[in-house]
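I opened this entry to keep a record of what I looked up and in which order. The structure comes next, and my notes follow.

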Amino acid sequence: MGAKDDDGSVKSGLGSLSGSSGLSKKQRKARTAFTDHQLQTLEKSFERQKYLSVQDRMELANKLGLSDTQVKTWYQNRRHAKYEYEWLEFYL
């Protein structure tokens, strides 16, 4: 058996048996629930421009109350979904 940790859990070579390794992992942000207004604005913007410059992305994020990263990720996901849809439509 291993030595006991401060909280009483038994430590093994790979961390405690209670499931906490003692190393802090970066917490993932909860999934964003976009409002209808945000989605409509993002879709209209996407129809006009498939890729945004950093300046355009920052302006759009500011306008919608989102982070730059949220807009960037939405655009990446949307481009991928468009590609998949077109690919399926072509091959089916």
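Which residues of helix 1 are buried? I found Gln 38, Thr 41, Leu 42, Ser 45 and Phe 46, where buried means under 20% relative accessible area, exposed over 50%, and partly exposed in between (1.4 Å probe, protein chains only). Seen down the axis of helix 1, these buried residues fall within an arc of 135°, so they line one face of the helix; the arc is that of the directions from the helix axis to the C-beta atoms.

Before going further I note the basis of the entries: this is a predicted model, in which local features need pLDDT of at least 70 and side-chain atom pairs count only at pLDDT 80 or more, while totals for chains, interfaces and linings use all residues. Residues are numbered from 1 along each chain as its sequence is written, and side-chain values use heavy atoms, with hydrogens and water left out.

**Helix 1, continued**

I then turned to the other side of helix 1, where Asp 36, His 37, Gln 40, Lys 44, Glu 47 and Arg 48 are exposed. The buried residues of helix 1 pack against helix 2 (54-64) and helix 3, a contact being heavy atoms within 4.5 Å. I also checked the length of helix 1 (residues 36-48): at 1.5 Å a residue its 13 residues should span 18 Å, and its end C-alpha atoms are 19 Å apart, which agrees. The expected span used there is 1.5 Å times one less than the number of residues.

**Overall layout**

I looked up the elements and found 3 helices and 2 strands, running β-β-α-α-α from the N terminus on. Helices (H or I, at least four residues) and strands (E, at least two) are DSSP runs, numbered from the N terminus. Of the 92 residues of the protein, 21% count as buried. Among the contacts with a separation of 6 or more, 43% are accounted for by residues 24 or more positions apart.

**Salt bridges**

How many salt bridges does the structure hold? I recorded 3, each being a side-chain nitrogen of Lys or Arg within 4 Å of a carboxyl oxygen of Asp or Glu.

I took the pair of Arg 78 and Glu 43, whose closest N and O atoms are 3.1 Å apart. This pair links distant parts of the chain, with Arg 78 in helix 3 and Glu 43 in helix 1, 35 residues apart. Arg 78 counts as partly exposed at 25% relative accessibility, and Glu 43 counts as partly exposed at 27%.

I next took Asp 68 and Arg 57, which form a salt bridge with the closest N and O atoms 2.7 Å apart. Asp 68 lies in helix 3 and Arg 57 in helix 2, so the pair ties together parts that are 11 residues apart in sequence. Is Arg 57 buried or exposed? At 14% relative accessibility Arg 57 counts as buried, whereas Asp 68 is partly exposed at 28%.

I listed the surroundings of both residues, leaving aside neighbours up to four places away in sequence. Arg 57 touches Leu 52, Asp 68, Val 71 and Lys 72, and Asp 68 is in contact with Arg 57, Met 58 and Ala 61. Asp 68 and Met 58 are 10 residues apart in sequence, and their C-alpha atoms are 5.5 Å apart in space.

The side chains of Glu 86 and Lys 82 also meet in a salt bridge, at 2.2 Å from N to O. Both residues lie in helix 3, 4 residues apart, about one turn of the helix. Glu 86 is partly exposed with a relative accessible area of 40%, and Lys 82 is partly exposed with 27%.

**Surface**

Which residues make the nonpolar surface patch of about 800 Å²? I noted Tyr 83, Trp 87, Leu 88, Phe 90, Tyr 91 and Leu 92. Patches are made of residues with over 30% relative accessible area and no salt bridge, like charges being joined within 9 Å and nonpolar side chains (Val, Leu, Ile, Met, Phe, Trp, Tyr) within 5 Å.

Definitions and conventions:
Areas by Shrake-Rupley, 256 points an atom, 1.4 Å probe, with all protein chains shown as cover.
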